[in-house]
Amino acid sequence: MAHSSDCNDGHSTPSVRPAVAASWLRCGSLPSSRAVDAARMADIQFKRKGSLALVHKPSAWPGVDDATMKRAKESLSSMSFSTLSFSADSLLHIALELFTEMGVLEDLKISEQSVMLMLIKIRASMPNNMYHNWWHVVDVAQATYCMGLQTRLFDSLSSLDKFALMISALCHDMGHPGVNGAAFSNRHQAVAAIHGSFSILERRHSLLAAQLLADCELGLYQQLGAKNYFHLLETVSTAILATDMAKHSAFVETMRSNAHGQVFERLSTLDRNDADPNLPENGL
């Protein structure tokens, strides 16, 4: 299957549009190219109004001192880990460390530089919300890493699926408007019309994640190959859509009643006894 190229690097690379299409297929509908272009324009207009004032757009990978990373690694696999005790720059290094500790970059032969750039772009996409911000998504990624280790779920996942799971955790709130889906729909009807009437925020996050993974600068298609690349897109999209809290109870019941029951029981024993008790608990 031939793929169009938006990159001038001499390699066959899928354009953003097929990646976006893959994301929309997981949402149950596939828009025309005009609809995708309309979505892009709607998002641009939305940001120009100041509703999504972005923060922290570093052009280069920042440094971090050894003491900070030593402190981070000491609790990286614990549910007591708190992202609020680290700077935004330090969290870039901590997020990279999650991929390194799992060994997925070496297994999949993905360059560390590609993941660094991806993390910079994810950070730049996160608005300065009180809760749904850069600190939140790294917190979710670290909790995912911790739960994957402590429940031994990672033992049953391929390196590609572990890579996809961590990307999903980091991208699950990309461009979050700071309000729930109903409020978002009421305030920004043009954007809402593009993203649909159900799981509206999750569909939007999924679309933005697909656009990121299709970014030619990351070179993920060349490094993973077509089969693994499109598996990555599908898995990330599915995982982000699953963060819709309206579906949470059904997922919990499914886990309790099927082969994942033992993993669920181990998961339920984890807690954050040493975490900050003042942290908000308002879902994903």
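**Figure 1. What sits over helix α3.** The cover over the buried residues of α3 includes α4 (88-102) and α7 (134-150). This is a predicted model, and helix α3 itself spans residues 66-75. Look for T68, M69, A72 and S75, the buried residues in this helix. They share one side of α3, because the arc they cover around the axis is only 135 degrees.

Figure 2. At the N-terminal end, D65 does the capping for α3. One of its side-chain oxygens is 3.2 Å from the backbone nitrogen of A67. Now move along to S75, which also belongs to α3. Is S75 buried or exposed? Its relative accessible area is 18%, so with the cut-off for buried at under 20%, S75 counts as buried. Leaving aside residues up to four places away in sequence, S75 touches S80, F81 and Q142.

**Figure 3. Helices α11 and α13 side by side.** Here α11 (residues 200-213) packs against α13 (residues 226-241), with 9 Å between the axes and an angle of about 160 degrees. That angle is why the pair counts as roughly antiparallel. On the α11 side, the contact is made by E202, R203, H205, S206, A209, A210 and L213. Facing them from α13 are Y229, L232, L233, V236, S237, I240 and L241. As for handedness, α11 and α13 make a right-handed crossing.

**Figure 4. Helices α6 and α8, another packed pair.** The axes of α6 (residues 112-125) and α8 (residues 159-171) are 10 Å apart, and the helices pack at an angle of about 25 degrees. So this pair is roughly parallel. The α6 residues V115, M118, L119 and I122 meet F163, I167, L170 and C171 of α8. The crossing of α6 and α8 is right-handed.

**Figure 5. Zooming back out to the chain.** How many helices and strands does the chain have? The count is 15 helices and zero strands. The chain has 284 residues, and 47% of them count as buried. Take the contacts between residues at least 6 apart in sequence: 74% of these join residues at least 24 apart.

Note on methods
Residues numbered from 1 in each chain as written. Predicted model: local features only at pLDDT ≥ 70, side-chain atom pairs only at ≥ 80, totals over all residues. Heavy atoms only, no water. Buried < 20%, exposed > 50% of the residue type's maximum accessible area, 1.4 Å probe, protein only. Helix = DSSP H or I, 4+ residues; strand = E, 2+ residues; numbered from the N terminus. Arc of directions from axis to C-beta. Contact = heavy atoms within 4.5 Å. Polar contact = N/O pair within 3.5 Å; in protein donor to acceptor, adjacent residues only side chain to side chain. Axes fitted to C-alpha atoms, helices over the stretch in contact; angles between N-to-C directions. Parallel < 35°, antiparallel > 145°, perpendicular 65-115°, else oblique. Left-handed = near helix turned anticlockwise from the far one by under 90°.
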